[in-house]
Amino acid sequence: SFPLVFKNKELTEKYKIKFQNAGVEIRPIIAGNIQKQPFYKKYVSDIIDCKNADFIHENGFYFGNNPEMTNSELKLLCKLVKNG
């Protein structure tokens, strides 16, 4: 996968829209801040401040890759990342 972390929420949203409009599936960076996941809250009650994990959780996503990607698919991904 290719993780992307942006400087702020506005850029994150801008790129999410670009990828979604191009038909590229994106996902949140796994786990970002795992304390925000429902299963974690179910079993752990001691929540601590994790500023860096929160930043990644709020300002990042990733898109997948695989060995069968075509040149066209690779070019699209490069274009989406390169052309801010």
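Modeller: A crossing of two helices is called right-handed if the near helix is turned clockwise from the far one by less than a right angle, and left-handed if anticlockwise. The model is a predicted one, and in it the crossing of α1 and α4 is right-handed. The contact draws on Y15, K18 and F19 from α1, and on L77, K79, L80 and V81 from α4. By class, these residues comprise five nonpolar and two charged, with no polar member.

As to geometry, helix α1 spans residues 9–21 and helix α4 residues 71–82; their axes come within 10 Å and cross at roughly 155 degrees. Angles over 145 degrees count as roughly antiparallel, and α1 is therefore roughly antiparallel to α4.

Helix α1 also has a part in covering another helix. In α3 (residues 51–59), the buried residues are A53, D54 and N59, and their cover includes α1 together with β1 (2–5) and β3 (60–63).

The aromatic rings remain to be described. Five aromatic pairs are present in the structure. In one of them, F2 and F63 have ring centres 5.2 Å apart and planes at 25 degrees, so this pair is stacked. Because F2 belongs to strand β1 and F63 to strand β3, the pair ties together parts 61 residues apart in sequence. F2 is partly exposed, at 40% relative accessibility, whereas F63, at 5%, is buried. Ring pairs join F2 and F63 with F6, Y15, F19 and F61 in a cluster; Y15 and F19 also take part in the contact of α1 with α4.

Note on methods. Residues are numbered from 1 along each chain as its sequence is written. This is a predicted model: local features need pLDDT of at least 70, side-chain atom pairs count only at pLDDT 80 or more; totals for chains, interfaces and linings use all residues. Side-chain values use heavy atoms; hydrogens and water are left out. Axes are lines fitted to C-alpha atoms, for helices over the stretch in contact, and angles run from 0 to 180 degrees between N-to-C directions. Helices (H or I, at least four residues) and strands (E, at least two) are DSSP runs, numbered from the N terminus. Angles under 35 degrees count as roughly parallel, over 145 as roughly antiparallel, 65 to 115 as roughly perpendicular and the rest as oblique. Contact means heavy atoms within 4.5 Å. Ala, Val, Leu, Ile, Met, Phe, Trp, Tyr, Cys and Pro count as nonpolar, Asp, Glu, Lys and Arg as charged, and the others, Gly among them, as polar. Buried means under 20% relative accessible area, exposed over 50%, partly exposed in between (1.4 Å probe, protein chains only). Rings of Phe, Tyr and Trp (its six-membered ring) pair if their centres lie within 6.5 Å; planes under 30 degrees apart count as stacked, over 60 as edge-to-face and the rest as tilted.
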